[in-house]
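Here is a short briefing to read with the structure open beside you. Have a look around first, and then we can walk through some backbone details, a helix and the ligand site.

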Amino acid sequence: MSVQEKAYAKINLGLKILRKREDGYHDILTVMQTVDLCDVLSFEQRESGIEVVCSCADVPEGPDNLVYRAADRLQREIGCDRGVRIQMDKRIPIGAGLGGGSSDAAATLRGLCRLWNVDVASEKLHTIAASLGSDVPFFLRSGTAVASGRGEILHYVSALERVFYVLVYPKFQISSGWAYGNLKMPLTFGEKYVNFAFSIKDTGMLSKAFYPCIENDFSPLVEKHHPVVRNIQERLMGLGAFKASLSGSGSTVYGMFERMEEARAAAEQMREPGCEVFLCRPVV
Ligand code: C5P
């Protein structure tokens with residue numbers, strides 16, 4: 001018996017850091033959107049134990065892997081004595097601000113519920129996901145959500161589907177722990193973004209007028225350490241993007257295009273040895 005799950009990447013349509021919390025995390029406000037770049041995970045029934053095999057040499061295969069930890073946590077929470085072999089076909093770059101590891105962990109929770117034929121209440125699954133990482137609960141389903149708290153409080157909204165994303169990964173990794181740890185607080189801008197994000201939550205849908213307000217509090221820090229990020233953003237705008245921004249704490253920059261042909265041409269222009277480029281659509 002085996003099952004497969006797609007683990008989609010996400011981009012952040014803006015990200016505002018509201019405050020540092022007593023538990024060391026930060027309260028944030030962001031709009032997350034799944035896109036059709038994905039890892040593919042296959043789960044095969046085993047008598048016992050957890051084995052993780054990955055197509056990518058950079059990903060640890062033992063208990064340091066978030067997928068391994070997701071399987072282990074679920075096994076314990078539901079008191080399951082069955083095992084699994086998990087094969088990961090990695091396509092989402094690592095340390096890229098695209099949520100690849102978190103999405104793999106959420107796909108593991110979904111896949112194992114199917115493989116082991118267990119019905120875990122959605123609140124419990126959310127709690128397990130949140131214990132694995134702040135972004136993991138978002139990936140339990142696909143779509144668009146306004147995320148607050150440390151990223152785990154989610155309000156799903158309707159997406160605008162007529163948008164094409166060109167994702168440019170400049171082939172270096174940024175750890176979100178490092179980025180949060182090096183932020184210069186307090187950050188003062190972003191009132192317009194915050195108001196808009198709250199109105200999206202209230203109305204339950206994205207609107208085109210939101211896009212110009214997108215801004216990311218990690219941008220100044222990341223641009224200071226990696227000036228190429230600003231350069232990519234400017235080039236995407238020059239190629240006709242109506243908005244370009246950093247995703248999460250980087251390193252990926254995305255450009256948003258209204259027309260497929262424009263997005264495709266921009267993706268071709270951006271394809272250079274120092275970058276990996278993906279042309280994506282939202283997954284709703
Ligand atoms: O939750 P996750 O394991 O993805 O977080 C990685 C690190 O990023 C945390 O240890 C914390 O330092 C930082 N973080 C934060 N505030 C958040 C999310 C993450 O400070 N909202």
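N117 sits in the loop between α2 and α3 (122-132); helices (H or I, at least four residues) and strands (E, at least two) are DSSP runs, numbered from the N terminus. This is a predicted model, where local features need pLDDT of at least 70, side-chain atom pairs count only at pLDDT 80 or more, and totals for chains, interfaces and linings use all residues. Residues are numbered from 1 along each chain as its sequence is written, and side-chain values use heavy atoms, with hydrogens and water left out.

**Backbone details**

- Most residues other than glycine have a negative phi, and most peptide bonds are trans.
- N117 is not a glycine, yet its phi is positive, at about 55 degrees.
- With a relative accessible area of 69%, N117 is exposed (buried means under 20% relative accessible area, exposed over 50%, partly exposed in between, with a 1.4 Å probe and protein chains only).
- K171, another residue other than glycine, has a positive phi near 60 degrees.
- The loop between β7 (164-169) and α4 (176-181) holds K171, and K171 counts as partly exposed at 45% relative accessibility.
- G250 and S251 are joined by a cis peptide bond, with omega about 20 degrees.
- S251 belongs to the loop between β8 (243-246) and β9 (253-257).

**Helix α2**

- Helix α2 covers residues 100-115, which makes 16 residues.
- From first C-alpha to last, α2 reaches 22 Å, close to the 22 Å expected at 1.5 Å a residue (the expected span is 1.5 Å times one less than the number of residues).
- Since 13 of its 16 residues are buried, α2 is largely enclosed by the rest of the structure.

**Ligand site**

- Around the ligand are G24, Y25, H26, G133, S134, R150, G177 and Y180, each with a heavy atom within 4 Å of it.
- Polar contacts here are pairs of N or O atoms within 3.5 Å.
- The side chain of H26 places an N or O atom 2.7 Å from an oxygen atom of the ligand.
- S134 has a polar side-chain atom 2.6 Å from a ligand oxygen atom.
- R150 takes part through its backbone: a polar atom there is 3.0 Å from a nitrogen atom of the ligand.
- On its own the ligand has 450 Å² of accessible area, and the protein covers 71% of that (Shrake-Rupley method, 1.4 Å probe).

Definitions and conventions
A polar contact is a pair of N or O atoms within 3.5 Å; within protein, one must be able to donate a hydrogen and the other to accept it, and residues adjacent in sequence count only if both atoms are side-chain atoms.
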